[in-house]
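Hi everyone, thanks for coming.

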Amino acid sequence: MLAASRDPIVAIATAPGRGAVGIVRVSGKGLAPYVQALLGRDLRPREATYLPFPDATGQPLDHGLALWFPAPHSYTGEDVLELQGHGGPVVLQLLLARCLQVAATAGADAQPLLAGLRPARAGEFTERAFLNDKLDLAQAEAVADLIDASTEAAARSASRSLAGVFSQRIHALRDALIHLRMLVEATLDFPEEEIDFLQKADAAGQLTRLRASLDAVRAEARQGALLRDGLRVVIAGQPNAGKSSLLNALAGAELAIVTPIAGTTRDVVQQTIQIEGVPLHVIDTAGLRQGEDVDEVERIGIQRAWDQIGKADAVLFLHDLTRCGQPDYRAADALIGEGLPDGVPVVHVWNKLDQGTPQVQHLGEGDLALSARTGEGLEALRQRLLAMAGWQHAGDGLFMARERHLQALRRVGAHLEAADTLLAAQAEHLDLLAEELRLAQVALGEITGEFSADDLLGEIFSRFCIGK
């Protein structure tokens, strides 16, 4: 990967399809002669120039804006040329082909003007920004998170991460950790001194404050990860409990077909909604039942419902309030409950409150009653879902985070906990204490990319779009 990062690259940097504007971007070293050959003139740095984009015969392929960013003052840290033309897919492909054609043309020294120019891989422009220290890894990931944001809150949080808010918090932890490591290493390096570096410098207090700061960052990171990934919520229950009606009510649109006929929903219907900026992926499933009257299509739908339940972050077990007094209905509900996976939070929701008000007294502790038809009780369900998700922050100071970041922070916490235990033994285990602190710093460095394997970088940037 590192060798390939030296090649000049080119790509269409706008989304596929038709649009008002389309961008072709070139990045590499020593692009100035190439720009002259491609456009027939030099460009002033960081100044938009309107001009024709000529083909090999000098005839214009398109007219648009050209922007020239000499290194290091560019997105990638290399020389960058952007051609902003009309957004038709044919025009953009012609421009892309022309960029590659000019690169292979021999210059005054009979060598290609831009040897090795090739189409960019997914995420390669941002990868180069990372490799050239224009962005750290957390900021680079925030670029993709900003593009993929499904809610306003997620977009704002990704923008803060891109601006470096998350990285600053990690760097503050790193600096405090380095200072503590310095004290421990000094004690190891000068054992003949009769100065207790650790006690005089309040190493125990520093470690306690460091762990408290880490806990605060972890809490904020969990909220940021929730904004990014959301919560996968599956609505399950017997036929005709109102699962599709509840999905429609939560989504505010008629997404699923609703009829009084059992087995109407045969397949999975999914919709992403947001509550206070938190994305919730709500999934309606086929009614769960057994019996000889279940046909093959419905049986497949029921199996898919159980598959979705197995992958859920939370399950809304929907019951029919008007049938809660029927022994056979209760028995079927109990059978479904036995099949729900362990460890997945379950909310028991009783629907048709508008029809079964006298039955509310039979509800269990923590159960919710609502009417998907009238909307009564929906707000209480929304707040319960937020609570299940662990949502605590409704302000504007959040940063975006990923599961990768949470795992790294958990490892940092484990190493600092072990260090706390070792510090109590002081001189007996100072070498082990130093190692735990070093491992904690390595885990922190994985977040910003200070310590990252090439295969991790490849995995991260391969999920970006082409041209970014």
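**Salt bridges and cysteines**

Let's start in helix 5 (residues 152-162), where Glu152 and Arg156 sit four residues apart, about one turn of the helix. Helices here are DSSP runs of H or I with at least four residues, strands are runs of E with at least two, and both are numbered from the N terminus. Before going further, a word on the source: this is a predicted model, where local features need pLDDT of at least 70 and side-chain atom pairs count only at pLDDT 80 or more, while totals for chains, interfaces and linings use all residues. Residues are numbered from 1 along each chain as its sequence is written, and side-chain values use heavy atoms, with hydrogens and water left out.

Glu152 and Arg156 form a salt bridge, with their closest N and O atoms 3.0 Å apart. By salt bridge I mean a side-chain nitrogen of Lys or Arg within 4 Å of a carboxyl oxygen of Asp or Glu. Glu152 is exposed at 53% relative accessibility, and Arg156 is partly exposed at 47%. For those words, buried is under 20% relative accessible area, exposed is over 50%, and partly exposed is in between, using a 1.4 Å probe and protein chains only.

How many salt bridges does the rule give? The count is 28.

Now for a pair between helices. Asp420 and Arg211 make a salt bridge with closest N and O atoms 2.8 Å apart. Asp420 belongs to helix 13 (residues 403-425) and Arg211 to helix 8 (residues 203-229), so this pair ties together parts that are 209 residues apart in sequence. Asp420 is partly exposed at 27% relative accessibility, and Arg211 is also partly exposed, at 27%.

There is a network to show you as well: salt bridges with shared partners join Asp7, Glu78, Arg118, Arg121, Glu124, Glu127 and Arg128. Within it, the side chains of Asp7 and Arg118 meet at 3.1 Å, N to O. That pair links distant parts of the chain, 111 residues apart: Asp7 is in the segment before strand 1 (9-12), and Arg118 is in strand 6 (residues 118-119).

Last, the cysteines. A disulfide is a covalent bond between the sulfur atoms of two cysteines. Here the rule is a pair of cysteine sulfur atoms within 2.5 Å, and the count comes to zero. Cys99 is buried at 0% relative accessibility, and Cys324 is buried at 4%.
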